[in-house]
Amino acid sequence: MQRFEGRVAVITGAGSGIGRATALRLAAEGATIVAVDLDTSAGERIAEETGGSFIAADVTDEAAVEAVYARTVEAYGSVDVAFNNAGISPPEDDSILTTGIDAWRRVQEVNLTSVYLCCKYALPHMREQGRGAIVNTASFVATMGAATSQISYTASKGGVLALSRELGVQFAREGIRVNALSPGPVNTPLLKELFAADPERAARRLVHVPFGRFAEPEEIAAAVAFLASDDASFITASNFLVDGGISGS
Ligand code: NAD
């Protein structure tokens, strides 16, 4: 059975990592994919591979985000799934003592404000349809103290959790589900870049994963597909952990 047959999914950060794997997964299950990314060549590639389309946009730009959903509905008639996933990780030591205000603001903009904007402009279309599923990418670090020294990142993901919970409750009676998905460490360019700069950090992080390995992007994509599908029809306002058991250990 094709769970996403006839459904349209907008995926931010679809050019790489988790977003890319999810675009491939949802497309394989029948969805029409609208890939959104800053990176034009990666975005065009995933659009070609999924048979969908690509919109080059910066998810921190309100007018650009509004246009993404308007163009999607104009082209395909609906937006059934919004996977708000684009994000960045601060490259250097991001402790409270060293993080400057500009770096802090940038991380909040890309990781949290973008989710606010995507929800703000996806929701009116979903309300009109009387249905929709939103999945926002948070992180396991949002609910764990001392898991990382990345304070701006951790705070931004905590905001994603709170926003998702609030919207999930608020829109449940309108047939719209909103969930946060919290991955553990995943083998994506984002993580590889971070650990290349600090290999010991990778080893330290790995110690906490009961499976003794990091996730592959496809393992996160499978969970996104579940949450975005009707199989998760009674799940909203949740924080869905796909962290290899880190938070349980
Ligand atoms: P990635 O770097 O592989 O992919 C992120 C994509 O987002 C890139 O294609 C990039 O071009 C795009 N992007 C970045 N800023 C953008 C912007 N302003 N506008 C539009 N597109 C933008 O990263 P990933 O590891 O796949 O991470 C995806 C999400 O998962 C992020 O929100 C990240 O915080 C979260 N996450 C990742 C991990 C991990 O270990 N990789 C763990 C937990 C949570």
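How many cavities of 30 Å³ or more does a search of the whole structure find? The search finds 1, and we'll get there at the end of the tour.

Before you click, note that this is a predicted model, where local features need pLDDT of at least 70, side-chain atom pairs count only at pLDDT 80 or more, and totals for chains, interfaces and linings use all residues. Residues are numbered from 1 along each chain as its sequence is written, and side-chain values use heavy atoms, with hydrogens and water left out.

**Stop 1: the ligand**

Now zoom in on some polar contacts (pairs of N or O atoms within 3.5 Å). Pick serine 16: one of its polar side-chain atoms is 2.6 Å from a ligand oxygen. Aspartate 37 has a polar side-chain atom 2.5 Å from an oxygen of the ligand. Then try lysine 157, whose side chain has an N or O atom 2.8 Å from a ligand oxygen. Taken alone, the ligand exposes 820 Å², and the protein buries 93% of that (areas by the Shrake-Rupley method with a 1.4 Å probe).

Next, colour by helix (a DSSP run of H or I, at least four residues, numbered from the N terminus).

**Stop 2: the largest pocket**

Stay where you are: the space taken by the ligand is the largest pocket. A pocket is an open set of points on a 1 Å grid over the protein atoms alone, with protein on both sides within 12 Å along at least five of seven lines; lining residues have an atom within 4 Å of a point. A molecule sits in one if more than half of its atoms lie within 2 Å of its grid points.

This pocket holds about 920 Å³ of space. Of its 42 lining residues, select Gly87, Ile88, Ser89, Thr188 and Leu190, which lie nearest its centre. The largest share of the lining, 6 residues, comes from α6.

**Stop 3: the cavity**

Finally, select Val10, Thr12, Val36, Ala57, Val59, Val65, Val68, Tyr69 and Cys118, which line the largest cavity (grid points where a 1.4 Å probe fits but cannot get out). About 30 Å³ of space lies inside. α3 supplies the largest share of this lining, 3 residues. By class, the lining has 8 nonpolar, 1 polar and no charged residues.

Technical notes: Polar contact = N/O pair within 3.5 Å; in protein donor to acceptor, adjacent residues only side chain to side chain. Points joined across faces, edges and corners; volume = space filled by probe spheres on them. Helix = DSSP H or I, 4+ residues; strand = E, 2+ residues; numbered from the N terminus. Nonpolar A, V, L, I, M, F, W, Y, C, P; charged D, E, K, R; others polar.
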